[in-house]
Amino acid sequence: MITSGTDRDRDTICALATAHGLGAISVIRVSGEKAGEITRRLAAFLPERPESHKIYYGILHAPQSGEAVDEVLLSYFAHGRSFTGEVTCEISCHGSEAVVNEILRLLVLAGARPAERGEFTYRAFMNGRLDLVQAESVLAMIESRSPRATRLALRQLQGDFSVKLRAILDRVTWVLANLEANIDFAAEDIVVANSSQLANRLEQAITETKTLLAGYHQGRILRSGFQVALVGRPNAGKSSLLNALAGEDRAIVTPIAGTTRDFVEAQLLLEGVRVTLIDTAGLRTTEDPVEKIGVERTLQKMRDVDLIFYVCDAASGVTVEDKAFFGHVPWSKTLAVVNKIDLCTGFEPADLNEALAVMRVSAASAEGLEDLRQALRARLRLEVGEDSTLVSNARHFRGLEIVRDSLDKTLPLVLDEDSPDLIALELQTAIRALYEILGLTYDDQVMDRVFKEFCLGK
Ligand SMILES: Nc1nc2c(ncn2[C@@H]2O[C@H](COP(=O)(O)OP(=O)(O)OP(=O)(O)O)[C@@H](O)[C@H]2O)c(=O)[nH]1
Ligand SMILES: [Mg+2]
(Lines give C-alpha, C1' and ligand atoms only; values in the text may rest on other atoms or scores of the structure.)
(Ligands and ions follow the chains in the order given, each with its own letter.)
Protein backbone atom coordinates (compact mmCIF):
# COMPACT_ATOMS: atom_id res chain seq x y z
CA MET A 1 0.00 0.00 0.00
CA ILE A 2 1.22 3.45 -0.86
CA THR A 3 1.05 6.00 1.93
CA SER A 4 1.99 9.46 0.90
CA GLY A 5 4.43 11.79 2.52
CA THR A 6 6.29 9.16 4.50
CA ASP A 7 9.99 8.32 4.72
CA ARG A 8 9.32 5.55 2.24
CA ASP A 9 9.06 8.24 -0.42
CA ARG A 10 12.74 8.97 0.11
CA ASP A 11 13.90 5.37 -0.33
CA THR A 12 15.70 4.45 -3.50
CA ILE A 13 13.51 1.88 -5.22
CA CYS A 14 14.17 -0.73 -7.88
CA ALA A 15 12.07 -3.03 -10.06
CA LEU A 16 11.92 -4.77 -13.37
CA ALA A 17 10.25 -2.35 -15.81
CA THR A 18 9.78 -4.76 -18.70
CA ALA A 19 7.61 -7.89 -18.80
CA HIS A 20 8.58 -11.00 -16.88
CA GLY A 21 9.86 -14.03 -18.73
CA LEU A 22 12.24 -14.55 -21.59
CA GLY A 23 13.14 -11.63 -23.80
CA ALA A 24 16.09 -10.24 -25.69
CA ILE A 25 16.59 -7.62 -23.01
CA SER A 26 15.02 -6.65 -19.72
CA VAL A 27 15.13 -3.19 -18.19
CA ILE A 28 15.59 -2.68 -14.47
CA ARG A 29 14.80 0.71 -13.08
CA VAL A 30 16.43 2.27 -10.05
CA SER A 31 15.05 5.58 -8.81
CA GLY A 32 15.81 7.78 -5.83
CA GLU A 33 18.35 10.08 -4.32
CA LYS A 34 20.94 7.28 -4.04
CA ALA A 35 20.19 5.60 -7.37
CA GLY A 36 23.61 6.53 -8.79
CA GLU A 37 25.55 5.46 -5.72
CA ILE A 38 23.70 2.19 -5.24
CA THR A 39 23.94 1.21 -8.90
CA ARG A 40 27.66 2.09 -8.94
CA ARG A 41 28.29 -0.62 -6.31
CA LEU A 42 27.48 -3.14 -9.03
CA ALA A 43 28.49 -1.00 -11.99
CA ALA A 44 32.02 0.20 -11.31
CA PHE A 45 32.14 1.57 -14.88
CA LEU A 46 29.56 4.25 -14.05
CA PRO A 47 31.51 7.51 -13.50
CA GLU A 48 31.24 9.44 -10.22
CA ARG A 49 29.50 12.25 -12.10
CA PRO A 50 27.59 10.62 -14.93
CA GLU A 51 25.98 12.72 -17.63
CA SER A 52 22.20 12.77 -17.84
CA HIS A 53 20.61 10.91 -20.77
CA LYS A 54 23.84 9.13 -21.52
CA ILE A 55 24.26 5.38 -21.93
CA TYR A 56 27.20 3.62 -20.27
CA TYR A 57 28.40 0.20 -21.24
CA GLY A 58 30.07 -2.30 -18.92
CA ILE A 59 29.95 -5.44 -16.80
CA LEU A 60 27.98 -5.67 -13.57
CA HIS A 61 29.78 -7.38 -10.70
CA ALA A 62 28.52 -8.71 -7.37
CA PRO A 63 30.02 -6.25 -4.85
CA GLN A 64 31.06 -8.91 -2.29
CA SER A 65 32.43 -11.71 -4.43
CA GLY A 66 33.43 -9.60 -7.41
CA GLU A 67 31.79 -12.18 -9.64
CA ALA A 68 30.59 -10.98 -13.07
CA VAL A 69 26.79 -10.94 -13.36
CA ASP A 70 25.94 -9.56 -16.80
CA GLU A 71 27.09 -7.31 -19.60
CA VAL A 72 24.73 -4.35 -19.66
CA LEU A 73 23.89 -0.90 -20.95
CA LEU A 74 23.12 1.62 -18.27
CA SER A 75 21.15 4.79 -18.96
CA TYR A 76 21.53 7.61 -16.49
CA PHE A 77 18.97 10.36 -15.82
CA ALA A 78 19.80 13.24 -13.51
CA HIS A 79 17.57 14.64 -10.78
CA GLY A 80 14.70 16.62 -12.35
CA ARG A 81 15.26 15.09 -15.76
CA SER A 82 13.74 11.63 -15.39
CA PHE A 83 10.23 10.17 -15.48
CA THR A 84 10.04 10.16 -11.67
CA GLY A 85 11.88 13.45 -11.31
CA GLU A 86 14.51 11.65 -9.22
CA VAL A 87 17.96 10.36 -10.15
CA THR A 88 17.23 7.27 -12.22
CA CYS A 89 19.36 4.46 -13.62
CA GLU A 90 17.93 2.07 -16.15
CA ILE A 91 19.88 -1.11 -16.56
CA SER A 92 19.31 -2.94 -19.84
CA CYS A 93 20.42 -6.47 -19.11
CA HIS A 94 19.90 -9.82 -20.83
CA GLY A 95 16.26 -10.89 -20.72
CA SER A 96 16.62 -13.86 -18.40
CA GLU A 97 14.60 -14.27 -15.23
CA ALA A 98 17.74 -15.51 -13.44
CA VAL A 99 19.84 -12.51 -14.48
CA VAL A 100 17.07 -10.07 -13.54
CA ASN A 101 16.52 -11.66 -10.14
CA GLU A 102 20.25 -11.62 -9.38
CA ILE A 103 20.63 -7.95 -10.32
CA LEU A 104 17.56 -7.01 -8.25
CA ARG A 105 18.91 -9.01 -5.30
CA LEU A 106 22.25 -7.22 -5.51
CA LEU A 107 20.59 -3.81 -5.80
CA VAL A 108 18.58 -4.52 -2.65
CA LEU A 109 21.75 -5.67 -0.85
CA ALA A 110 23.36 -2.42 -1.98
CA GLY A 111 20.57 -0.40 -0.34
CA ALA A 112 17.62 -0.16 -2.71
CA ARG A 113 14.10 -1.31 -1.81
CA PRO A 114 11.83 -3.27 -4.17
CA ALA A 115 9.28 -0.86 -5.61
CA GLU A 116 5.58 -1.28 -5.04
CA ARG A 117 2.97 -1.30 -7.79
CA GLY A 118 2.86 1.99 -9.61
CA GLU A 119 5.45 3.51 -7.30
CA PHE A 120 7.52 5.06 -10.11
CA THR A 121 4.43 6.78 -11.52
CA TYR A 122 3.36 7.72 -8.00
CA ARG A 123 6.69 9.46 -7.53
CA ALA A 124 6.34 11.22 -10.87
CA PHE A 125 3.03 12.52 -9.52
CA MET A 126 4.41 13.45 -6.08
CA ASN A 127 7.32 15.26 -7.71
CA GLY A 128 4.94 17.27 -9.90
CA ARG A 129 6.04 15.68 -13.18
CA LEU A 130 2.45 14.59 -13.92
CA ASP A 131 -0.95 15.45 -12.50
CA LEU A 132 -3.17 12.60 -11.37
CA VAL A 133 -5.07 12.47 -14.66
CA GLN A 134 -1.80 12.11 -16.54
CA ALA A 135 -0.55 9.47 -14.10
CA GLU A 136 -3.69 7.47 -14.78
CA SER A 137 -3.18 7.83 -18.50
CA VAL A 138 0.18 6.07 -18.12
CA LEU A 139 -1.82 3.02 -17.09
CA ALA A 140 -4.34 3.55 -19.90
CA MET A 141 -1.41 3.75 -22.32
CA ILE A 142 0.06 0.46 -21.09
CA GLU A 143 -3.32 -1.23 -21.23
CA SER A 144 -4.37 0.16 -24.60
CA ARG A 145 -5.18 -2.59 -27.04
CA SER A 146 -6.20 -0.71 -30.16
CA PRO A 147 -4.81 2.23 -32.13
CA ARG A 148 -7.69 4.47 -31.06
CA ALA A 149 -7.25 3.57 -27.38
CA THR A 150 -3.55 4.38 -27.64
CA ARG A 151 -4.20 7.73 -29.27
CA LEU A 152 -6.71 8.65 -26.60
CA ALA A 153 -4.37 7.69 -23.75
CA LEU A 154 -1.48 9.60 -25.34
CA ARG A 155 -3.59 12.75 -25.59
CA GLN A 156 -4.40 12.48 -21.89
CA LEU A 157 -0.77 11.80 -21.04
CA GLN A 158 0.25 14.92 -22.94
CA GLY A 159 -2.20 16.90 -20.84
CA ASP A 160 -5.09 17.64 -23.24
CA PHE A 161 -7.72 16.55 -20.76
CA SER A 162 -5.99 18.27 -17.83
CA VAL A 163 -5.98 21.55 -19.78
CA LYS A 164 -9.76 21.30 -20.24
CA LEU A 165 -10.29 20.52 -16.58
CA ARG A 166 -8.14 23.47 -15.57
CA ALA A 167 -10.12 25.77 -17.86
CA ILE A 168 -13.33 24.75 -16.04
CA LEU A 169 -11.57 25.16 -12.71
CA ASP A 170 -10.42 28.66 -13.70
CA ARG A 171 -13.93 29.76 -14.57
CA VAL A 172 -15.46 28.39 -11.38
CA THR A 173 -12.68 29.90 -9.28
CA TRP A 174 -13.20 33.26 -10.99
CA VAL A 175 -16.91 33.17 -10.14
CA LEU A 176 -16.16 32.27 -6.54
CA ALA A 177 -13.49 34.98 -6.21
CA ASN A 178 -15.83 37.66 -7.55
CA LEU A 179 -18.67 36.44 -5.39
CA GLU A 180 -16.46 36.64 -2.32
CA ALA A 181 -15.24 40.07 -3.32
CA ASN A 182 -18.89 41.11 -3.54
CA ILE A 183 -19.48 39.82 -0.04
CA ASP A 184 -16.42 41.69 1.26
CA PHE A 185 -17.36 44.95 -0.40
CA ALA A 186 -21.10 44.58 0.18
CA ALA A 187 -21.17 47.31 2.80
CA GLU A 188 -19.42 49.73 0.46
CA ASP A 189 -21.80 49.00 -2.40
CA ILE A 190 -19.01 48.14 -4.79
CA VAL A 191 -19.96 45.41 -7.26
CA VAL A 192 -16.99 43.56 -8.69
CA ALA A 193 -18.80 41.49 -11.28
CA ASN A 194 -22.55 41.60 -11.69
CA SER A 195 -24.75 38.53 -11.56
CA SER A 196 -25.14 38.25 -15.30
CA GLN A 197 -21.36 38.20 -15.74
CA LEU A 198 -21.10 35.51 -13.08
CA ALA A 199 -23.91 33.53 -14.69
CA ASN A 200 -22.17 33.83 -18.03
CA ARG A 201 -18.97 32.28 -16.77
CA LEU A 202 -20.92 29.59 -14.99
CA GLU A 203 -22.82 28.70 -18.12
CA GLN A 204 -19.53 28.29 -19.99
CA ALA A 205 -18.23 26.01 -17.27
CA ILE A 206 -21.45 23.98 -17.32
CA THR A 207 -21.33 23.57 -21.10
CA GLU A 208 -17.70 22.48 -20.98
CA THR A 209 -18.41 20.01 -18.18
CA LYS A 210 -21.37 18.53 -20.04
CA THR A 211 -19.37 18.20 -23.24
CA LEU A 212 -16.74 16.21 -21.36
CA LEU A 213 -19.39 14.04 -19.69
CA ALA A 214 -21.05 13.37 -23.04
CA GLY A 215 -17.76 12.05 -24.39
CA TYR A 216 -17.53 9.35 -21.73
CA HIS A 217 -19.60 6.86 -23.69
CA GLN A 218 -17.16 7.14 -26.58
CA GLY A 219 -14.09 7.27 -24.33
CA ARG A 220 -15.14 4.16 -22.47
CA ILE A 221 -15.64 2.27 -25.73
CA LEU A 222 -12.22 3.33 -27.02
CA ARG A 223 -10.56 2.34 -23.78
CA SER A 224 -12.29 -0.96 -22.99
CA GLY A 225 -13.48 -1.95 -26.44
CA PHE A 226 -16.90 -2.33 -28.06
CA GLN A 227 -18.93 -5.30 -26.93
CA VAL A 228 -21.31 -7.15 -29.22
CA ALA A 229 -23.41 -10.03 -27.88
CA LEU A 230 -24.87 -12.69 -30.16
CA VAL A 231 -28.16 -13.78 -28.67
CA GLY A 232 -31.13 -15.78 -29.86
CA ARG A 233 -32.86 -19.13 -29.69
CA PRO A 234 -30.82 -22.33 -29.34
CA ASN A 235 -29.56 -23.64 -32.68
CA ALA A 236 -30.12 -20.36 -34.50
CA GLY A 237 -26.43 -20.46 -35.36
CA LYS A 238 -24.95 -17.92 -32.93
CA SER A 239 -21.77 -19.90 -32.36
CA SER A 240 -21.42 -20.57 -36.08
CA LEU A 241 -21.77 -16.86 -36.75
CA LEU A 242 -19.19 -15.94 -34.11
CA ASN A 243 -16.72 -18.35 -35.65
CA ALA A 244 -17.41 -17.07 -39.14
CA LEU A 245 -16.96 -13.42 -38.14
CA ALA A 246 -13.84 -14.14 -36.10
CA GLY A 247 -12.39 -16.34 -38.81
CA GLU A 248 -11.52 -19.08 -36.33
CA ASP A 249 -13.26 -21.91 -34.50
CA ARG A 250 -13.72 -20.30 -31.11
CA ALA A 251 -17.09 -21.71 -30.04
CA ILE A 252 -18.36 -25.28 -30.18
CA VAL A 253 -21.00 -25.85 -32.84
CA THR A 254 -23.39 -28.85 -32.78
CA PRO A 255 -26.90 -29.56 -34.03
CA ILE A 256 -27.94 -30.07 -30.40
CA ALA A 257 -30.00 -27.18 -29.04
CA GLY A 258 -28.40 -25.76 -25.89
CA THR A 259 -24.77 -26.35 -26.85
CA THR A 260 -23.37 -23.05 -25.58
CA ARG A 261 -23.74 -22.60 -21.82
CA ASP A 262 -21.13 -19.96 -21.05
CA PHE A 263 -19.81 -16.88 -22.79
CA VAL A 264 -17.27 -17.42 -25.53
CA GLU A 265 -15.42 -14.36 -26.73
CA ALA A 266 -13.58 -13.45 -29.90
CA GLN A 267 -11.67 -10.22 -30.55
CA LEU A 268 -11.68 -8.20 -33.76
CA LEU A 269 -10.06 -4.89 -34.66
CA LEU A 270 -12.42 -2.71 -36.72
CA GLU A 271 -12.11 1.02 -37.42
CA GLY A 272 -9.17 1.12 -35.01
CA VAL A 273 -11.43 -0.04 -32.19
CA ARG A 274 -11.21 -3.33 -30.33
CA VAL A 275 -14.46 -5.25 -30.75
CA THR A 276 -15.35 -8.17 -28.53
CA LEU A 277 -17.90 -10.59 -29.94
CA ILE A 278 -19.62 -12.56 -27.20
CA ASP A 279 -21.41 -15.81 -27.92
CA THR A 280 -24.13 -16.61 -25.40
CA ALA A 281 -26.35 -19.46 -24.27
CA GLY A 282 -29.45 -19.81 -26.47
CA LEU A 283 -32.60 -18.26 -25.05
CA ARG A 284 -35.33 -20.73 -24.14
CA THR A 285 -37.46 -21.69 -21.20
CA THR A 286 -35.70 -24.70 -19.78
CA GLU A 287 -35.71 -26.95 -16.73
CA ASP A 288 -32.03 -27.83 -17.06
CA PRO A 289 -30.42 -26.00 -14.13
CA VAL A 290 -27.14 -25.39 -15.94
CA GLU A 291 -28.80 -24.05 -19.06
CA LYS A 292 -31.09 -21.93 -16.89
CA ILE A 293 -28.10 -20.13 -15.40
CA GLY A 294 -26.76 -19.62 -18.92
CA VAL A 295 -30.05 -18.01 -19.99
CA GLU A 296 -30.04 -15.73 -16.93
CA ARG A 297 -26.54 -14.61 -17.78
CA THR A 298 -27.49 -13.94 -21.38
CA LEU A 299 -30.31 -11.67 -20.23
CA GLN A 300 -27.87 -9.74 -18.02
CA LYS A 301 -25.33 -9.55 -20.84
CA MET A 302 -27.92 -7.97 -23.14
CA ARG A 303 -28.16 -5.06 -20.73
CA ASP A 304 -24.39 -4.60 -20.44
CA VAL A 305 -23.18 -4.72 -24.03
CA ASP A 306 -22.97 -1.93 -26.60
CA LEU A 307 -24.68 -3.80 -29.42
CA ILE A 308 -26.70 -6.99 -29.84
CA PHE A 309 -27.01 -9.30 -32.80
CA TYR A 310 -30.36 -11.03 -32.34
CA VAL A 311 -29.84 -14.19 -34.38
CA CYS A 312 -32.84 -16.06 -35.76
CA ASP A 313 -33.16 -19.04 -37.98
CA ALA A 314 -34.49 -18.33 -41.48
CA ALA A 315 -35.70 -21.89 -41.85
CA SER A 316 -38.01 -21.79 -38.85
CA GLY A 317 -38.79 -18.07 -38.93
CA VAL A 318 -39.53 -16.09 -35.79
CA THR A 319 -41.10 -18.63 -33.45
CA VAL A 320 -43.17 -18.51 -30.28
CA GLU A 321 -39.96 -19.36 -28.43
CA ASP A 322 -38.25 -16.32 -29.95
CA LYS A 323 -41.14 -14.07 -29.00
CA ALA A 324 -41.14 -15.27 -25.40
CA PHE A 325 -37.91 -13.31 -24.93
CA PHE A 326 -38.63 -10.30 -27.13
CA GLY A 327 -39.67 -8.27 -24.11
CA HIS A 328 -36.11 -8.58 -22.79
CA VAL A 329 -34.40 -7.41 -25.97
CA PRO A 330 -33.28 -3.75 -25.96
CA TRP A 331 -34.17 -3.26 -29.62
CA SER A 332 -32.68 0.23 -29.89
CA LYS A 333 -29.21 -1.33 -29.75
CA THR A 334 -30.07 -4.52 -31.60
CA LEU A 335 -29.46 -5.69 -35.14
CA ALA A 336 -31.67 -8.59 -36.19
CA VAL A 337 -29.57 -11.19 -37.97
CA VAL A 338 -31.50 -13.75 -39.95
CA ASN A 339 -29.15 -16.71 -40.34
CA LYS A 340 -29.25 -19.85 -42.52
CA ILE A 341 -30.56 -18.04 -45.61
CA ASP A 342 -28.89 -20.84 -47.59
CA LEU A 343 -31.76 -23.04 -46.38
CA CYS A 344 -34.60 -20.62 -46.92
CA THR A 345 -34.82 -17.27 -48.64
CA GLY A 346 -38.43 -16.31 -48.10
CA PHE A 347 -38.22 -14.98 -44.57
CA GLU A 348 -40.80 -12.54 -43.27
CA PRO A 349 -39.09 -10.13 -40.87
CA ALA A 350 -42.29 -8.33 -39.78
CA ASP A 351 -41.78 -9.33 -36.15
CA LEU A 352 -38.33 -7.76 -36.13
CA ASN A 353 -39.24 -4.23 -37.16
CA GLU A 354 -38.20 -2.77 -33.82
CA ALA A 355 -34.58 -3.68 -34.52
CA LEU A 356 -32.10 -1.14 -35.93
CA ALA A 357 -31.96 -3.19 -39.12
CA VAL A 358 -32.54 -6.70 -40.38
CA MET A 359 -29.51 -8.40 -41.89
CA ARG A 360 -29.66 -11.70 -43.80
CA VAL A 361 -26.69 -14.02 -43.60
CA SER A 362 -25.53 -17.57 -43.78
CA ALA A 363 -22.80 -18.57 -41.40
CA ALA A 364 -22.42 -21.73 -43.46
CA SER A 365 -21.97 -20.18 -46.91
CA ALA A 366 -20.63 -16.79 -45.71
CA GLU A 367 -23.30 -15.01 -47.74
CA GLY A 368 -24.19 -11.63 -46.25
CA LEU A 369 -21.32 -11.71 -43.75
CA GLU A 370 -19.52 -8.81 -45.42
CA ASP A 371 -22.70 -6.71 -45.20
CA LEU A 372 -22.99 -7.59 -41.53
CA ARG A 373 -19.38 -6.52 -40.99
CA GLN A 374 -20.09 -3.27 -42.80
CA ALA A 375 -23.14 -2.66 -40.61
CA LEU A 376 -20.97 -3.20 -37.56
CA ARG A 377 -18.35 -0.78 -38.89
CA ALA A 378 -21.02 1.83 -39.56
CA ARG A 379 -22.28 1.44 -36.02
CA LEU A 380 -18.74 1.87 -34.67
CA ARG A 381 -18.20 5.02 -36.69
CA LEU A 382 -21.45 6.37 -35.32
CA GLU A 383 -20.58 5.55 -31.71
CA VAL A 384 -16.94 6.56 -31.76
CA GLY A 385 -16.64 9.44 -34.19
CA GLU A 386 -13.57 11.57 -34.65
CA ASP A 387 -10.66 11.68 -32.22
CA SER A 388 -11.10 14.24 -29.51
CA THR A 389 -10.25 14.72 -25.87
CA LEU A 390 -12.48 12.34 -24.02
CA VAL A 391 -13.20 11.14 -20.53
CA SER A 392 -12.42 7.44 -20.42
CA ASN A 393 -11.90 6.88 -16.73
CA ALA A 394 -14.77 6.15 -14.34
CA ARG A 395 -13.16 8.18 -11.53
CA HIS A 396 -12.99 11.27 -13.75
CA PHE A 397 -16.54 10.72 -14.91
CA ARG A 398 -17.93 10.51 -11.35
CA GLY A 399 -15.99 13.62 -10.36
CA LEU A 400 -17.35 15.56 -13.34
CA GLU A 401 -20.88 14.51 -12.45
CA ILE A 402 -20.41 16.19 -9.07
CA VAL A 403 -19.10 19.31 -10.82
CA ARG A 404 -22.08 19.37 -13.19
CA ASP A 405 -24.64 18.82 -10.43
CA SER A 406 -23.32 21.56 -8.21
CA LEU A 407 -22.91 24.05 -11.08
CA ASP A 408 -26.42 23.24 -12.28
CA LYS A 409 -27.67 24.03 -8.78
CA THR A 410 -25.63 27.23 -8.61
CA LEU A 411 -26.76 28.86 -11.84
CA PRO A 412 -30.38 29.66 -10.81
CA LEU A 413 -29.10 30.89 -7.44
CA VAL A 414 -26.76 33.33 -9.18
CA LEU A 415 -29.50 34.53 -11.54
CA ASP A 416 -31.86 35.05 -8.59
CA GLU A 417 -29.06 36.85 -6.74
CA ASP A 418 -29.58 34.44 -3.91
CA SER A 419 -27.45 34.32 -0.76
CA PRO A 420 -23.76 34.51 -1.79
CA ASP A 421 -22.84 32.18 1.05
CA LEU A 422 -25.11 29.49 -0.32
CA ILE A 423 -23.70 29.94 -3.81
CA ALA A 424 -20.14 29.85 -2.51
CA LEU A 425 -20.84 26.55 -0.79
CA GLU A 426 -21.96 24.91 -4.04
CA LEU A 427 -19.03 26.38 -5.97
CA GLN A 428 -16.64 25.00 -3.40
CA THR A 429 -18.11 21.54 -3.94
CA ALA A 430 -17.41 21.85 -7.67
CA ILE A 431 -13.89 23.15 -7.06
CA ARG A 432 -13.15 20.34 -4.62
CA ALA A 433 -14.28 17.75 -7.17
CA LEU A 434 -12.04 19.28 -9.86
CA TYR A 435 -9.11 19.37 -7.45
CA GLU A 436 -9.63 15.71 -6.68
CA ILE A 437 -9.77 14.69 -10.34
CA LEU A 438 -6.50 16.48 -11.05
CA GLY A 439 -4.94 15.30 -7.79
CA LEU A 440 -4.38 18.85 -6.53
CA THR A 441 -5.79 17.57 -3.27
CA TYR A 442 -5.88 13.91 -2.46
CA ASP A 443 -6.07 11.43 0.32
CA ASP A 444 -4.28 8.15 0.72
CA GLN A 445 -7.39 6.19 -0.20
CA VAL A 446 -7.61 7.82 -3.61
CA MET A 447 -3.88 7.37 -4.15
CA ASP A 448 -4.14 3.75 -3.17
CA ARG A 449 -7.05 3.07 -5.49
CA VAL A 450 -5.37 4.76 -8.42
CA PHE A 451 -1.92 3.25 -8.12
CA LYS A 452 -2.85 -0.27 -7.03
CA GLU A 453 -4.09 -0.86 -10.59
CA PHE A 454 -0.57 -0.43 -11.92
CA CYS A 455 1.82 -3.25 -12.52
CA LEU A 456 5.12 -3.54 -10.72
CA GLY A 457 7.91 -1.54 -12.26
CA LYS A 458 5.67 1.22 -13.60
N1 LIG B 1 -27.44 -24.66 -43.25
C2 LIG B 1 -26.95 -23.90 -42.27
N3 LIG B 1 -26.72 -24.42 -41.06
C4 LIG B 1 -26.23 -23.65 -40.10
C5 LIG B 1 -25.93 -22.29 -40.34
N6 LIG B 1 -25.46 -21.75 -39.20
C7 LIG B 1 -25.45 -22.75 -38.28
N8 LIG B 1 -25.92 -23.90 -38.83
C9 LIG B 1 -26.09 -25.19 -38.15
O10 LIG B 1 -27.04 -25.04 -37.09
C11 LIG B 1 -26.70 -25.84 -35.98
C12 LIG B 1 -26.62 -25.00 -34.71
O13 LIG B 1 -25.53 -24.09 -34.84
P14 LIG B 1 -24.85 -23.39 -33.60
O15 LIG B 1 -23.90 -22.41 -34.13
O16 LIG B 1 -24.31 -24.41 -32.64
O17 LIG B 1 -26.12 -22.71 -32.96
P18 LIG B 1 -26.23 -21.87 -31.60
O19 LIG B 1 -27.17 -20.77 -31.85
O20 LIG B 1 -24.88 -21.50 -31.11
O21 LIG B 1 -26.90 -22.93 -30.63
P22 LIG B 1 -26.83 -23.03 -29.02
O23 LIG B 1 -25.41 -22.90 -28.61
O24 LIG B 1 -27.39 -24.36 -28.75
O25 LIG B 1 -27.70 -21.94 -28.48
C26 LIG B 1 -25.40 -26.53 -36.33
O27 LIG B 1 -25.68 -27.81 -36.80
C28 LIG B 1 -24.84 -25.65 -37.44
O29 LIG B 1 -24.00 -26.37 -38.32
C30 LIG B 1 -26.17 -21.75 -41.65
O31 LIG B 1 -25.98 -20.57 -41.95
N32 LIG B 1 -26.70 -22.60 -42.55
MG1 LIG C 1 -23.91 -21.95 -29.41
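Residues are numbered from 1 along each chain as its sequence is written, with chains lettered from A and ligands numbered from 1 in the order in which they are written. Because the model is predicted, local features need pLDDT of at least 70 and side-chain atom pairs count only at pLDDT 80 or more, while totals for chains, interfaces and linings use all residues; side-chain values use heavy atoms, with hydrogens and water left out.

Buried denotes under 20% relative accessible area, exposed over 50%, and partly exposed the range in between, with a 1.4 Å probe and protein chains only. Leucine 400 is in contact (heavy atoms within 4.5 Å) with Phe161, Leu165, Thr209, Leu212, Leu213, Val391 and Ile437, residues up to four places away in sequence being left out of the count.

Strand S5 (residues 88–95) pairs with two strands, where pairing requires at least two bridges found by DSSP. Strand S2 (residues 23–31) runs antiparallel to S5 and is joined to S5 by eight bridges. In this pairing, histidine 94 of S5 is the bridge partner of isoleucine 25. Strand S4 (residues 68–77) is likewise antiparallel to S5, with five bridges, and leucine 74 stands opposite isoleucine 91 in S5. Seven of the eight residues of S5 are buried, and the strand is thus mostly covered.

Zero disulfides (pairs of cysteine sulfur atoms within 2.5 Å) are present in the structure. For cysteine 14, the nearest cysteine sulfur is that of cysteine 89, at 11 Å. Cysteine 14 is buried, at 3% relative accessibility. Cysteine 312 is also in no disulfide, and the nearest cysteine sulfur, that of cysteine 344, lies 12 Å away. The relative accessible area of cysteine 312 is 1%, so this residue is buried.

The count of salt bridges (a side-chain nitrogen of Lys or Arg within 4 Å of a carboxyl oxygen of Asp or Glu) comes to 28. Glutamate 116 and arginine 113 form one of them, with the closest N and O atoms 3.8 Å apart, and both residues are buried. A further salt bridge joins aspartate 288 to arginine 261 at a closest N and O separation of 3.6 Å. Aspartate 288 is in the loop between strand S9 (273–279) and helix H10 (289–304), and arginine 261 in the loop between helix H9 (238–246) and strand S8 (264–270), so this pair ties together parts that are 27 residues apart in sequence. Both residues are partly exposed, aspartate 288 at 28% relative accessibility and arginine 261 at 32%.

Aspartate 313 forms a salt bridge with lysine 340, the closest N and O atoms lying 3.3 Å apart. Because aspartate 313 belongs to strand S10 (residues 307–313) and lysine 340 to the loop between strand S11 (334–339) and strand S12 (357–360), the contact ties together parts that are 27 residues apart in sequence. Aspartate 313 is buried, with a relative accessible area of 10%.

The magnesium ion (ligand 2) is coordinated by Ser239 (OG) and Thr260 (OG1) at 2.0 to 2.1 Å. Donors are N, O and S atoms within 2.8 Å of the metal (3.2 Å for Na, K and Ca), and sites may look incomplete because water is not among the atoms. Serine 239 lies in helix H9 and threonine 260 in the loop between H9 and S8, so the pair ties together parts that are 21 residues apart in sequence. Serine 239 is buried at 9% relative accessibility, as is threonine 260 at 12%.

Alanine 236 is in the loop between strand S7 (226–232) and H9 and is buried, at 1% relative accessibility. Its contacts, not counting residues up to four places away in sequence, are Val311, Cys312, Asp313, Asn339 and Lys340.

Conventions:
Helix = DSSP H or I, 4+ residues; strand = E, 2+ residues; numbered from the N terminus.
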